[in-house]
Amino acid sequence: MPTLNLRVPVPAQHEHLDQWLWEWELDRVLTDPQEQDACASAGQEPLLSGAPGLSAVEPEASSLRSGQIRLLRPGLAGVMSQRHPAADRLRFFAVLGPEHCPQLLLIPFSRFASPAFPAELLLGREPACMRVLCVWNSWQIVPDMARASWLVDELEAGEVRDVLAVLSHHEHGTALPARLSERVGPGCWHPADPRKMYKRREAGVWREVLEGFCPDAGSLPLAAEEPGPYEK
Amino acid sequence: MNSKHADIAGQNLSAWEEWREVCALEGCAPAARQALLGFAAARFRLYLGRYAGMNEAHWCPRMPEPESCWHFFESHVTVRATRQGKRYKEWLFARTEHSQDPALDVIQGGATLIMRDVVREFLRHELLPHRVSLPQAMLEDCGMQIRRDRLFAACPDPESQAALREYEALARDHAESLFRDAPLPVRVALLACSMGLPLSHDLVQEAAGRRKSALHSGFRDWLRRMACMLQADYRDDPPECRLTLALLVLDQAQSMAGTWAMAPATPARVKALVAHGRRVGSGTVKAPCLEV
């Protein structure tokens with residue numbers, strides 16, 4: 001077999017994964033599927049027959065700008081399912097715009113407080129719901145997302161710089177600055193690693209959200225497509 | 001709904017609306033404060049009890065005071081102490097737009113979903129100093145579990161792309177050969193693993209036509225065969241390279257199982273597993289250990 005260089009996770013990455021696995025299992029313990037059905041479907045059914053509720057557009061929501069942190073509104077994404085992800089959890093995302101990268105990107109925040117992958121960046125913000133940015137789950141943003149979300153905060157310049165470094169590492173394989181290696185998760189390699197399930201689910205959630213805005217969204221690409229079976 | 005219950009529901013809804021308008025709970029009238037504190041404590045207790053029930057052997061933190069429950073709730077989702085930084089309030093109420101369900105149910109349903117994350121974060125914060133390692137305990141419960149250190153093993157360096165492509169090509173060849181000869185129960189086991197379903201799940205046993213012990217045993221044998229094949233073919237290579245290849249073979253075989261499950265000739269009971277499994281897949285780690 002050819003020589004294969006192996007990358008050993010740094011201790012901080014071990015720690016992140018340890019904590020992430022803890023949170024993942026705990027999340028399963030606390031989640032009763034039936035309860036989730038009941039909670040998540042509340043308020044959803046009428047959306048199947050009604051027009052998207054765009055009447056409550058806020059003035060500030062009219063423009064998407066790079067560096068914004070926004071909260072997805074429930075009940076605005078065109079075609080709704082019974083358990084639309086916009087209504088089953090608070091979904092925060094960051095916007096990176098043309099001044100920072102070639103395309104307008106949506107980058108979701110993780111619901112967990114520890115980074116799971118090399119392309120998840122620990123920002124370290126105080127609210128638990130916006131500690132980690134899932135750079136691997138970046139999507140090309142659609143303009144209607146402005147109307148379907150609220151502006152809640154802004155990324156700081158240093159945070160933007162760090163996110164771009166991780167994005168570039170993930171997309172183009174550029175070297176990750178040493179200062180960030182302790183703020184990202186380790187690689188995901190084992191076929192039975194629960195992070196694979198998490199990744200499939202989270203990508204599916206945002207695909208569903210964005211498909212609600214695009215009539216022809218069958219081939220919506222991740223901003224950085226999966227690098228095949230092997231994950232960096 | 002009788003009039004008494006309707007009155008209570010109306011009061012509780014008023015409490016949420018009042019809280020939406022004022023900046024913080026402290027600014028609400030005593031009745032509204034009581035209602036919201038009661039809600040927060042009840043939901044917190046629900047989730048804490050769920051954790052305690054699942055982990056009787058572990059230390060469980062004490063139930064916080066209602067005021068603390070509410071504080072955890074608000075601080076979990078408050079970005080800044082401004083109206084803009086508290087958009088989660090709008091999120092809770094926006095869930096009621098166009099809804100035919102009672103507004104109180106919809107608002108409290110949303111708040112309950114948030115509270116689940118709040119309690120998870122509370123437990124994380126409280127338990128980590130005690131080094132309670134829940135995942136390991138749960139992994140050990142699985143019987144056929146992934147070895148935890150495998151998740152922490154070194155990964156191929158992304159710069160070794162060329163070498164990796166060769167490994168993937170080798171893995172594909174081995175996986176095709178192994179999958180071609182794999183009996184239906186093994187294919188179902190691979191499918192179940194890829195969906196995060198335990199082999200003990202009724203749907204999995206039904207699709208495989210085997211009870212869980214036979215299914216486990218057959219799957220183990222198949223994995224052992226794979227390990228022996230790789231050991232024989234690559235005996236001069238370092239163990240970590242063999243492990244890398246084995247993981248890739250397993251990954252490929254799982255993908256093949258997914259393709260096979262959707263093929264026209266595949267038994268309907270397997271297709272039923274795919275249809276149902278998408279909804280119930282738990283993500284539990286239940287793949288067997290690999291020793292190559």
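# Notebook: rings and helices in chains A and B

**Entry 1, a charge over a ring.** I began with B:Arg187, which lies over the face of B:Phe179, at 4.3 Å from the ring centre. I count a charge as sitting over a ring if NZ of Lys or CZ of Arg is within 6 Å of the ring centre and within 35 degrees of the ring normal. I keep in mind that this is a predicted model, in which local features need pLDDT of at least 70 and side-chain atom pairs count only at pLDDT 80 or more, while totals for chains, interfaces and linings use all residues; side-chain values use heavy atoms, with hydrogens and water left out. Residues are numbered from 1 along each chain as its sequence is written, and chains are lettered from A and ligands numbered from 1 in the order in which they are written.

I then looked up the elements of each chain, taking helices (H or I, at least four residues) and strands (E, at least two) as DSSP runs numbered from the N terminus. Chain A has five helices and eight strands, and from the N terminus on they run β-α-α-β-α-β-β-β-β-β-β-α-α. Chain B holds 13 helices and one strand, in the order α-α-α-α-α-α-α-β-α-α-α-α-α-α along the sequence. For burial I used relative accessible area, with under 20% as buried, over 50% as exposed and partly exposed in between (1.4 Å probe, protein chains only). On that basis 63% of the 232 residues of chain A count as buried, and 51% of the 292 residues of chain B do.

B:Phe179 belongs to helix 8 (residues 161-181) of chain B and B:Trp260 to helix 12 (residues 239-262) of chain B, so the pair ties together parts that are 81 residues apart in sequence. B:Phe179 counts as buried at 7% relative accessibility, and B:Trp260 is buried with a relative accessible area of 14%.

Which way do helix 8 and helix 12 of chain B cross, left-handed or right-handed? I first noted that they pack at an angle of about 55°, with their axes 8 Å apart; axes are lines fitted to C-alpha atoms, for helices over the stretch in contact, and angles run from 0 to 180 degrees between N-to-C directions. That makes helix 8 of chain B oblique to helix 12 of chain B, given that angles under 35 degrees count as roughly parallel, over 145 as roughly antiparallel, 65 to 115 as roughly perpendicular and the rest as oblique. Their crossing is right-handed, meaning that the near helix is turned clockwise from the far one by less than a right angle, with anticlockwise giving left-handed.

Helix 11 (residues 212-233) of chain B was my next stop, and its axis comes within 10 Å of that of helix 12 of chain B, crossing at roughly 135°. Helix 11 and helix 12 of chain B are therefore oblique to each other, and their crossing is right-handed. The axes of helix 8 and helix 11 of chain B come within 11 Å and cross at roughly 140°, and this crossing is right-handed.

I checked the length of helix 5 (residues 194-211) of chain A: its 18 residues should span 26 Å at 1.5 Å a residue, and its end C-alpha atoms are 26 Å apart, which agrees. The expected span is 1.5 Å times one less than the number of residues. Buried residues of helix 5 of chain A include A:Tyr198, A:Lys199 and A:Trp206. A:Tyr198 forms one aromatic cluster with A:Trp20, A:Trp24, A:Phe112, A:Phe117 and A:Trp136, and A:Lys199 lies over the face of A:Phe117, at 4.6 Å from the ring centre.

Notes
Phe/Tyr/Trp six-rings, centres within 6.5 Å; stacked < 30°, edge-to-face > 60°.
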